[in-house]
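Me: I am new to this structure and would like a close look at a single part of it. Could you take me through the stretch where helices pack side by side, and show me how they meet?

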Amino acid sequence: MSSFVTEVLAHSGRLEKEDLGTRIGRLTRRVEEIKGEVCSMINKKYNEFLPSMQSAQDLVTQVDELCGDIDLLKSRVESEVRTVQQDLHVSIAEFTQLRQQLERDTVVLSMLKQLQEFSTAIEEYNCALSEKKYVAAAQHLKKAQNCLKLLKSRKGFELQIFKSLSVELTIQKQNMLYHLGEEWQKLASWRLATSKVSSLESALQTELHLCTEPSQKEDETPSPPITSVLLAFALVGELHTKLKSFSQLLLKYIIRPLVSYPSLHALIDTRPDTVVFRFESVATDLEHSSPPEVFTKIRLVLEVLQKHLLDLPLGDDLEDEKVSKIVLAEIVGDMIWEDMSECLIKDCLVYSIPTNSSKLEQYEEVIQSTEEFENALKGMRFLKGDTTDLLKYARNINSHFANKKCQDVIVAARNLMTSEIHNTVKISPESKIALPELPAPDEGNKLKMQKASKSLHNEMMNLDTENKLGEHSFSLPTCRISESVEKLMELAYQTLLEATTSSDQCAIQLFYSVRNIFHLFHDVVPTYHKENLQKLPQLAAIHHNNCMYIAHHLLTLGHQFKLHLAPVLCDGTTTFVDLVPGFRRLGTECFLAQMRAQKGELLERLSSARNFSNMDDEENYSAASRAVRQVLHQLKRLGVVWQDVLPVNIYCKAMGTLLNTAIAEIIGRITALEDISTQDGDRLYSLCRTIVEEGPQVFTPLPEEKENKKFQEEVPVYVPKWMSFKELMLLLQASLQEIGDRWADGKGPLATAFSSGEVKALIRALFQNTERRAAALAKIK
């Protein structure tokens with residue numbers, strides 16, 4: 001029987017030479033024949049050689065002849081081999097070409113079979129789709145997709161028909177998705193309000209209708225069960241997309257409203273073929289629902305969904321392992337859990353965090369309900385894993401309590417700082433912040449306190465009675481502060497008191513929150529109230545008092561709580577003393593800026609007095625008189641707005657400084673005059689007398705008029721230039737003799753008030769150049 005290659009070559013009409021195997025066999029036999037001839041020849045020669053060998057020369061001759069014969073035979077063999085090799089190469093080339101042709105024919109045949117399978121799959125798909133057999137249709141569509149995928153994988157066969165088949169497959173897939181979408185809308189129907197979703201009224205209009213049994217109408221093709229629709233979605237690779245859309249609606253229109261509105265409750269209406277989800281509103285005074293209540297509401301909804309939708313078996317009898325292992329509840333859980341847990345934290349759990357450390361123990365109920373809620377979701381296969389962010393958040397209550405408490409403290413503090421400053425309360429040395437008694441320190445700290453108390457008692461016993469300090473030696477003087485600042489300090493004390501009963505971590509956060517309050521005050525108040533502090537003297541004074549009041553409490557605030565806070569805070573860090581200089585500077589700078597502004601106004605008013613020259617001119621005298629009246633009016637107005645606000649000593653120093661500024665300016669202007677006539681002197685004296693008579697009246701630090709007399713009598717204490725001003729008045733009316741007597745060789749009151757040069761200049765301005773004036777001038781040295 002001829003070989004397969006021989007038959008193929010013969011069938012194709014291309015084999016004209018002998019069979020390759022035959023040629024090789026013939027060549028092999030020829031080689032063997034040659035070998036036999038060579039051997040025979042050698043034997044023959046050898047046999048001939050032995051008897052006839054007579055000498056060495058004959059032997060060499062015969063050997064040479066034998067070698068020549070061998071070379072001749074070798075050449076003949078090589079020639080035959082080359083001929084065979086050439087024939088072999090030609091045969092191999094022809095064989096390779098025929099094999100490639102056979103492979104191409106095989107591929108074409110395979111492609112034709114796949115095209116036939118694609119066409120059959122599309123026809124069966126259309127038939128199944130028309131009968132609403134969606135699972136079968138999806139399987140046929142997937143088979144057609146696999147056929148097209150194999151066709152496209154053939155290299156070297158990029159045919160135009162493949163593009164047409166791809167377009168056709170896409171159209172058919174979209175057609176099926178359209179039909180599946182229509183069925184899905186019947187099986188899971190949403191009825192939503194047209195208004196905004198965020199309102200309670202919109203939530204009450206929301207409904208979800210879930211069809212559990214297909215409708216059976218005589219004039220219609222029976223609807224497929226929900227299982228077949230979901231399985232068909234899975235087979236065409238669109239299940240996740242469809243469930244994601246459903247999950248987003250579930251989260252937005254059912255779960256979020258249940259978390260956000262305490263009055264909202266889910267109603268589950270179970271019918272023979274449908275389950276309806278809707279809401280009802282139950283009146284409540286709660287602003288936010290408790291976590292256990294919210295968990296119960298959500299759990300009810302998810303249990304019903306899991307029973308009628310998400311626990312359906314998918315593809316148990318299918319060969320596709322990916323589809324058969326799909327768990328709908330896990331898919332939905334993965335899609336909504338992150339957003340749902342974030343919603344539960346931000347809109348529910350965060351509001352359940354206690355505002356007082358005494359209520360932290362009650363929070364254990366919330367932690368337990370959170371854990372039960374997650375376990376229930378794991379039982380329904382909505383959740384995977386051990387611990388989630390929701391449970392971690394609930395268990396980390398100490399940190400959340402501290403964060404919330406600190407945030408509330410800072411927010412409350414900032415609200416107080418941005419409230420009105422002018423609402424004031426009066427404080428006195430007896431004023432104290434009402435706080436509950438601090439808990440007793442532990443044994444170690446108690447021993448320290450006893451030793452310190454005993455040491456202090458011994459030191460006090462060694463003091464003489466006359467060296468003891470007064471009861472209110474270190475008390476803040478009576479003044480007015482902003483009501484908001486008093487509340488701010490109460491907030492600081494209450495927060496530190498809360499820290500004494502909190503965990504170490506919470507105590508540390510609360511302590512530094514109190515420090516942050518004062519840092520915030522330093523930054524916010526001067527900026528927020530900047531314009532009013534610059535324009536309104538009363539507010540500047542109140543702000544000054546506020547800063548001094550805070551600084552006064554900061555001196556001892558840390559010491560009061562040192563032994564009652566966490567051990568880590570008892571190493572010297574529990575102090576606020578470092579903030580005291582900053583607050584004192586803050587209050588002082590603001591008040592000094594106001595003082596500079598008032599001084600500027602006083603000097604501006606006196607600048608209109610025309611240097612108090614030529615007082616015999618009515619216009620000049622009127623201008624000077626008006627300037628003096630305006631100065632006194634400004635000082636009296638300041639006295640009124642600062643009265644009962646500033647501490648008495650600060651009030652008197654401030655008014656004395658301003659009055660001194662005005663008097664010093666008037667003294668400077670008058671002493672600079674080169675000529676003062678008698679009428680000028682009289683009128684200048686009249687102006688000065690007005691100031692001397694009315695100036696003390698600006699010292700009214702207390703509301704009770706009779707109590708202000710002692711401060712008005714002490715004007716020279718607060719106004720350094722007051723005595724100099726009175727000496728100037730005397731000079732304006734005195735004779736040369738009286739001037740000389742008050743000078744008293746540089747030892748009199750006039751010498752205390754003015755220098756010799758100033759007195760000589762006034763004498764020259766007041767008196768004509770006479771011998772008496774010259775004599776008087778000579779005495780002024």
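Reply: Happy to! One term first: two residues are in contact when heavy atoms of theirs lie within 4.5 Å. With that in hand, here is the setting. This is a predicted model. Among contacts in the protein chain between residues at least 6 apart in sequence, 75% join residues at least 24 apart. The chain has 781 residues, of which 40% count as buried, and its secondary structure comes to 30 helices and 6 strands.

Now for the part you asked about. Let us begin with helix α19, residues 537-561, and helix α20, residues 580-606. Their axes come within 8 Å and cross at roughly 165 degrees. Angles over 145 degrees count as roughly antiparallel, so α19 is roughly antiparallel to α20. The crossing of this pair is left-handed. On the α19 side, the residues making the contact include Pro537, His543, His544, Cys547, Met548 and Leu555. On the α20 side, Val580, Phe583, Arg584, Phe591, Gln594 and Gln598 are among them. By class, the residues of the α19 and α20 contact divide into 14 nonpolar, 6 polar and 1 charged.

Helix α20 also packs against α21, and here the axes come within 8 Å and cross at roughly 160 degrees. That makes α20 roughly antiparallel to α21. From α20, Phe591, Gln594, Met595, Gln598, Glu601, Leu602, Arg605 and Leu606 take part.

Next comes α21 itself, residues 618-642, which packs with α22 at an angle of about 170 degrees, their axes 11 Å apart. Once again the pair is roughly antiparallel. Val631, Leu635, Leu638, Gly639 and Trp642 of α21 meet Tyr651, Ala654, Met655, Leu658, Leu659 and Ala662 of α22. Sorted by class, those residues are 10 nonpolar, 1 polar and no charged.

One more link leads back to where we began. Ser482 is found in strand β6, residues 479-482, and is buried, with a relative accessible area of 1%. Leaving out residues up to four places away in sequence, Ser482 touches Ile421, Asn423, Thr424, Val425, Ile542 and Asn546.

Key. Residues numbered from 1 in each chain as written. Predicted model: local features only at pLDDT ≥ 70, side-chain atom pairs only at ≥ 80, totals over all residues. Heavy atoms only, no water. Axes fitted to C-alpha atoms, helices over the stretch in contact; angles between N-to-C directions. Helix = DSSP H or I, 4+ residues; strand = E, 2+ residues; numbered from the N terminus. Parallel < 35°, antiparallel > 145°, perpendicular 65-115°, else oblique. Left-handed = near helix turned anticlockwise from the far one by under 90°. Nonpolar A, V, L, I, M, F, W, Y, C, P; charged D, E, K, R; others polar. Buried < 20%, exposed > 50% of the residue type's maximum accessible area, 1.4 Å probe, protein only.
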